[in-house]
Amino acid sequence: MPQRPDLRVRVGSLELANPILAASGTFGYGVEFAHLVDLSRLGGIVTKGLSAHPMAGAPPPRLAETASGMVNAVGLQNIGVRAFADEKLPALRSYRTPIIANVFGSSLREYLEVIELLEKVEGVAGYELNVSCPNTEGGGREFGIDPGVAAKLTGAARDATKRPLWVKLSPNVTDIAAIAKAAEQAGADALTVANTYPAMVVDIRSRHSRLGRLSGGLSGPAIKPITLKLVYDVCQAVRIPVIGLGGIETAEDVFEYLVAGATAVQVGTAHFADPRASQRLVEGIEEVAKKINVNSISSLTASLRL
Ligand SMILES: Cc1cc2nc3c(=O)[nH]c(=O)nc-3n(C[C@H](O)[C@H](O)[C@H](O)COP(=O)(O)O)c2cc1C
């Protein structure tokens with residue numbers, strides 16, 4: 001009998017049973033999927049982005065399908081950190097799966113308010129800062145565009161928690177390695193690469209945007225090769241672990257990200273076609289690992305031959 005491959009990976013101080021996490025904004029707060037997915041099988045769950053106060057989000061329509069992907073303008077709708085802690089976390093605590101709280105705000109203070117509230121409760125394994133948010137104090141420019149601003153935010157979050165701190169980078173920058181290094185130096189434990197790409201979809205009859213807003217973010221298989229390159233570039237620039245995501249649908253996609261340098265991956269848009277996508281991939285990577293004689297998934301990380 002061939003040995004079962006070891007799927008465990010280590011992201012900083014956090015050991016995950018396998019490298020597959022559900023991505024923010026595509027898997028609710030996790031609990032809503034419990035009747036469809038065995039949440040205990042997942043390497044981790046990243047929550048929908050949480051803000052200090054509830055947000056209603058953008059007007060519909062919020063999703064538009066495109067070639068090999070989709071554009072979304074959800075507008076960061078969420079129930080707010082307090083309701084998350086009161087209504088969602090108690091049920092999530094019954095699973096051993098690490099829960100990563102995705103955090104955002106329109107000012108540094110708002111990010112810290114979310115973290116400070118969650119610091120008082122059990123059941124949060126770590127934080128993922130979404131830096132692809134307009135900074136109202138910084139003229140509306142995203143936090144993740146300028147290395148100095150990204151470092152200031154990461155440093156302030158670092159001072160607020162001893163829990164694992166991940167920074168989720170924007171792909172919409174000229175030099176992602178510079179932002180990655182700034183976040184690493186400011187105390188990030190890992191980097192998530194990357195968020196969606198600014199995009200538009202137009203209805204030629206009405207000549208309106210096909211979304212409730214002028215533009216949104218492109219995700220899905222269309223972005224996979226582009227983000228894979230960003231993951232490679234970031235892995236060359238930093239020593240901390242990198243979590244790759246963008247367009248993952250198959251076990252082979254997961255392996256590509258690992259070989260390019262990622263320690264773990266997240267699955268996003270694939271949940272819209274198949275809510276069980278992340279669990280299916282946990283099973284899928286085990287099968288592929290057996291086929292190609294990989295005994296330990298972690299041995300794939302940064303194994304690209306040049
Ligand atoms: C509908 C939707 C909502 C999202 N909401 C968030 C969010 O709240 N916070 C965040 O950091 N990323 C959010 N994202 C980005 C995803 O987590 C992911 O980075 C991106 O979609 C690329 O991965 P994918 O191609 O596997 O979907 C969202 C994506 C989608 C499609």
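These legends describe one overall view and several close-ups of a single predicted chain.

Residue numbers start at 1 in each chain and follow the sequence as written. Because the model is predicted, local features need pLDDT of at least 70 and side-chain atom pairs count only at pLDDT 80 or more, while totals for chains, interfaces and linings use all residues.

**View 1. The whole chain.**
The chain has eight helices and 16 strands. Helices (H or I, at least four residues) and strands (E, at least two) are DSSP runs, numbered from the N terminus. The C-alpha atoms fill a box of roughly 60 × 50 × 40 Å along the principal axes. Of the 306 residues, 50% count as buried. Buried means 20 or more other C-beta atoms within 10 Å of the residue's own, exposed means 12 or fewer, and partly exposed lies in between, with C-beta atoms placed from the backbone. Among contacts with a separation of 6 or more, 71% join residues 24 or more positions apart. Two residues are in contact if their C-beta atoms, placed from the backbone, lie within 7 Å.

**View 2. Helix α3 against helix α4.**
Two packed helices are described by the angle between their axes and the distance between the axes. Here α3 (residues 147–160) and α4 (residues 176–185) pack at about 25 degrees, with axes 8 Å apart. That makes α3 roughly parallel to α4. Axes are lines fitted to C-alpha atoms, for helices over the stretch in contact, and angles run from 0 to 180 degrees between N-to-C directions. Under 35 degrees counts as roughly parallel, over 145 as roughly antiparallel, 65 to 115 as roughly perpendicular and the rest as oblique. From α3, Pro147, Ala150, Ala151 and Thr154 make the contact; from α4, Ala178, Ile179, Ala182, Ala183 and Gln185 do. By class, these residues are seven nonpolar, two polar and no charged. Ala, Val, Leu, Ile, Met, Phe, Trp, Tyr, Cys and Pro count as nonpolar, Asp, Glu, Lys and Arg as charged, and the others, Gly among them, as polar.

**View 3. Helix α2 against helix α3.**
Helix α2 (residues 108–119) packs on α3 at about 25 degrees, with the axes 10 Å apart. α2 is therefore roughly parallel to α3. The crossing is right-handed. Leu108, Tyr111, Leu112, Ile115, Glu116 and Glu119 of α2 meet Lys152, Leu153, Ala156, Ala157 and Ala160 of α3. This contact divides into eight nonpolar, no polar and three charged residues.

**View 4. Helix α6 across helix α8.**
The axes of α6 (residues 251–260) and α8 (residues 277–291) come within 8 Å and cross at roughly 75 degrees. That makes α6 roughly perpendicular to α8. On α6, the contact residues are Ala251, Glu252, Val254 and Phe255; on α8, they are Leu281, Gly284, Ile285, Glu287 and Val288. The classes are six nonpolar, one polar and two charged.

**View 5. Valine 131 and its surroundings.**
Valine 131 sits in the loop between β8 (126–130) and α3. It is buried, with 26 other C-beta atoms within 10 Å. Beyond its neighbours within four places in sequence, valine 131 is in contact with residues including Phe143, Ala150, Leu153, Val167 and Leu169. Valine 103 is 28 residues away from valine 131 in sequence and 8.8 Å away in space, C-alpha to C-alpha.

Most residues other than glycine have a negative phi, and most peptide bonds are trans. Proline 60 and proline 61 are joined by a cis peptide bond, with omega about -5 degrees. Proline 61 lies in the loop between β4 (44–46) and β5 (63–66). The bond from valine 193 to alanine 194 is cis, with omega near 10 degrees. Alanine 194 lies in the loop between β10 (190–193) and β11 (197–199). Serine 68 has a positive phi, near 55 degrees, and is in the loop between β5 and β6 (69–72). With 13 C-beta neighbours inside 10 Å, serine 68 counts as partly exposed. Arginine 207 has a positive phi of about 60 degrees, in the loop between β12 (202–203) and β13 (208–209). Arginine 207 counts as exposed because it has 7 C-beta neighbours inside 10 Å.

Note on methods: Left-handed = near helix turned anticlockwise from the far one by under 90°.
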